[in-house]
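Okay, thanks for coming, everyone. Let me put the structure up and then talk you through a few parts of it.

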Amino acid sequence: MSLKPKSRGRAGAQAERGGGGEEAPSTSRGPGGAASQGGRRAEAPSAPGPRSQKQLELKVAELVQFLLIKDQRKIPIRRTDILRHVVGDYKDVLPDLLRRAAERLEYVFGYRLVELEPRSNTYILVNTLEPVEEDAEMRGDQGTPTTGLLMIVLGLIFMKGNSIKETEVWDFLRRLGVHPTKKHLIFGDPKKLITEDFVRQRYLEYRRIPHTDPVDYELQWGPRTNLETSKMKVLKFVAKVHNQDPKDWPAQYCEALAEEEARARPQTGVAAPTPAPSS
Amino acid sequence: MAEEKDCLRGDVEMGEEPVVTITGGAYSGKQAAEKEPMKVEAAAGADACSEDLSCGDADIDPSLLELVDEEKCRSIRKQYRQLIYNVQQNRDDIVNTASESLTEALEEANVLFDAVSRTREAALDAQFLVLASDLGKEKAKQLNSDMSLFNQVAFCDFLLIFVGLNWMEDDGRDALSDCDDNIACSFWETVQKEATSWMLQAETFHFIFGSFKSETSARKPRLEHRKKVHRMEENGDMPTKLRKLDLSSNQEATEKEVERILGLLQTYFRKYPDTPVSYFEFVIDPNSFSRTVENIFYVSFIVRDGFARIRLDQDRLPILEPININHVGEGNDSSSHGRKQGVISLSLQDWKNIVATFEISEAMIRNSY
């Protein structure tokens, strides 16, 4: 319904479609989209049907740049944003564009374009390359070193049984000089960082515990954490800090091992931006 | 009345055992449901019922009961509130698996409930039970985590050791809050380095020189180019004016030089009459090749104007001899001799060779400046 500057003469056709396609952008392959496609072809035979390779290549390049820049804040990228800012008229080939962009990202940058949760229509970039010891000097020097704090919190959560109270987190962090109410030298507002920023980035889940007075919240792992790291890795981090073996915590070790086995089993529909799982 | 109370107590006892599994909310709902029939029965039994349908006794006159039990009820409520407050204050102790305080609190509530006859106290009892069940759930969770032997305090200390801040341990709690900013920074940086090696984070993408719009930069060079051209033209006006002045002065300078050199030559001839001077000795400046060329240039004027002449002597070397007035008489001869043109070319190497051959140590033509 909205007339985009890149509409290239198809604005009329879009308005006649009745706006069904625009309002539900993710159904480009659904029944609404298919009907509108058929309608479009019937009404405007001059519409650019098959697009040239060059045009598609250009679109894919734009999409790759868009994804890389959107990833700067580590907030999951929504499909609607992709459609609105980059794809526009190429809605019907969006799955193809996403697939190509994902290939490009993997071959050139070593990043995987992953759907955060099945059917959530949000995407994140995950590194495929395992971090190397020697790169530690150069890694993560951009911005504040929040990953350290995040890893500590993740470790706490996992070792305490996958869920921890916010008050316990602060009891722990206070000993490291991080207070919920005091401004921190490096992190600024630590409470905001942990309970809002990390949650928005989907590293943590922040839920209210019912029937508590005063109100208390619990923290758990978020979906991004499961994609970027694993229970075994976090356990190894904790073990390394303690200078002990991960097996010294049998319950957690068993849990981590079980998760490793579950991951090793082939899964369907995971990490594929296209709707078809077996692409 | 006693029967109702008994069955109520029975309900409480049944509810108590599976405290861990039933959530507080559900349980209080159950209790409230149990109380409803009691309330209704009481209302039906008593004719002069007050607005709060809290009469438990169907047989006895409710107004009498209210007067008598008011004190008792108040004390029961007070005790309940005290119990709830205690439990909330000692939450940590209660949740600790080793302690029996939760069971004790429950037993105390049980005893209190025997005296409860009205809903106000019963509501407080329900509130207490919600609290107790929450604590019971936490206690059960505590059981799980105790098995895994994870000690938070130890984790904190180990973190400090890991970074290398062993000496901070003695300071007790809040070690990092009071210390140097640098130490805190280095602590978090070290932890960060370790943490990033366990995560597959995608590096954030930034343009090296920042992001920019490509359009404006294309225009700027053109403008600058134009400005530069303008400047050059403006500057160009100045030198041309000066050159005109210079040229005239240069011409004067040439004439002056020629006269000067002629003066020198004539002085020499007066000192040493009838002795022609070797051309090279006169002209060449052993210290400066360019001065030599200038001297040749000026001497050529002298020769052209007829104040001296160049001849080749018996060694076939050029010499410079003056033309006196006496010779002017023979000027007809000189004019009959005609003028001859000669081109003298002198390269740097020739000049050096001549300086060496003739052993010229200093210039005969002194500099005027």
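So, how many helices and strands does chain B have? Chain B has 15 helices and three strands, taking helices (H or I, at least four residues) and strands (E, at least two) as DSSP runs numbered from the N terminus.

Quick housekeeping. This is a predicted model, where local features need pLDDT of at least 70 and side-chain atom pairs count only at pLDDT 80 or more, while totals for chains, interfaces and linings use all residues. Residues are numbered from 1 along each chain as its sequence is written, chains are lettered from A and ligands numbered from 1 in the order in which they are written, and side-chain values use heavy atoms, with hydrogens and water left out.

Staying with chain B, 33% of its 369 residues count as buried. Buried is under 20% relative accessible area, exposed is over 50%, and partly exposed is in between, with a 1.4 Å probe and protein chains only. Now contacts, meaning heavy atoms within 4.5 Å. Among those in chain B between residues at least 6 apart in sequence, 65% join residues at least 24 apart.

Take one residue there, B:Leu312, in strand E2 (residues 308–312) of chain B. Is B:Leu312 buried, exposed or partly exposed? B:Leu312 counts as partly exposed, because its relative accessibility is 47%. Leaving aside neighbours within four places in sequence, B:Leu312 is in contact with B:Leu317 and B:Pro318. From B:Leu312 to B:Ser278 there are 34 residues in sequence and 9.6 Å in space, C-alpha to C-alpha.

On to the rings. Phe, Tyr and Trp (its six-membered ring) pair if their centres lie within 6.5 Å; planes under 30 degrees apart are stacked, over 60 edge-to-face, and the rest tilted. The count comes to 14 aromatic pairs over all chains. One of them is A:Phe158 with A:Trp221, a tilted pair at 6.0 Å centre to centre and 45 degrees between the planes. That pair links distant parts of the chain: A:Phe158 is in helix H7 (residues 146–159) of chain A and A:Trp221 in strand E6 (residues 216–221) of chain A, 63 residues apart. A:Phe158 is buried at 0% relative accessible area, and A:Trp221 is buried at 11%.

There's also an aromatic cluster made of A:Phe187, B:Phe187 and B:Trp188.

Back to H7(A): 14 of its 14 residues are buried. Its 14 residues should span 20 Å at 1.5 Å a residue, and the end C-alpha atoms are 20 Å apart, so the two agree; the expected span is 1.5 Å times one less than the number of residues. Just after H7(A), A:Gly161 has a positive phi of about 95 degrees.

H5(A) has a glycine after it too: A:Gly88, with a positive phi near 60 degrees. In helix H5 (residues 79–87) of chain A, the buried residues include A:Ile82, A:Leu83 and A:Val86. What covers the buried residues of H5(A) includes helix H4 (53–70) and strand E3 (122–127) of chain A.

Last bit, helix packing. At what angle do H11(A) and H12(A) pack? Helix H11 (residues 231–242) and helix H12 (residues 250–264) of chain A pack at about 145 degrees, with axes 8 Å apart. Axes are lines fitted to C-alpha atoms, for helices over the stretch in contact, and angles run from 0 to 180 degrees between N-to-C directions. On the H11(A) side, the residues are A:Lys231, A:Met232 and A:Leu235, and they meet H12(A) residues including A:Tyr253 and A:Leu257.
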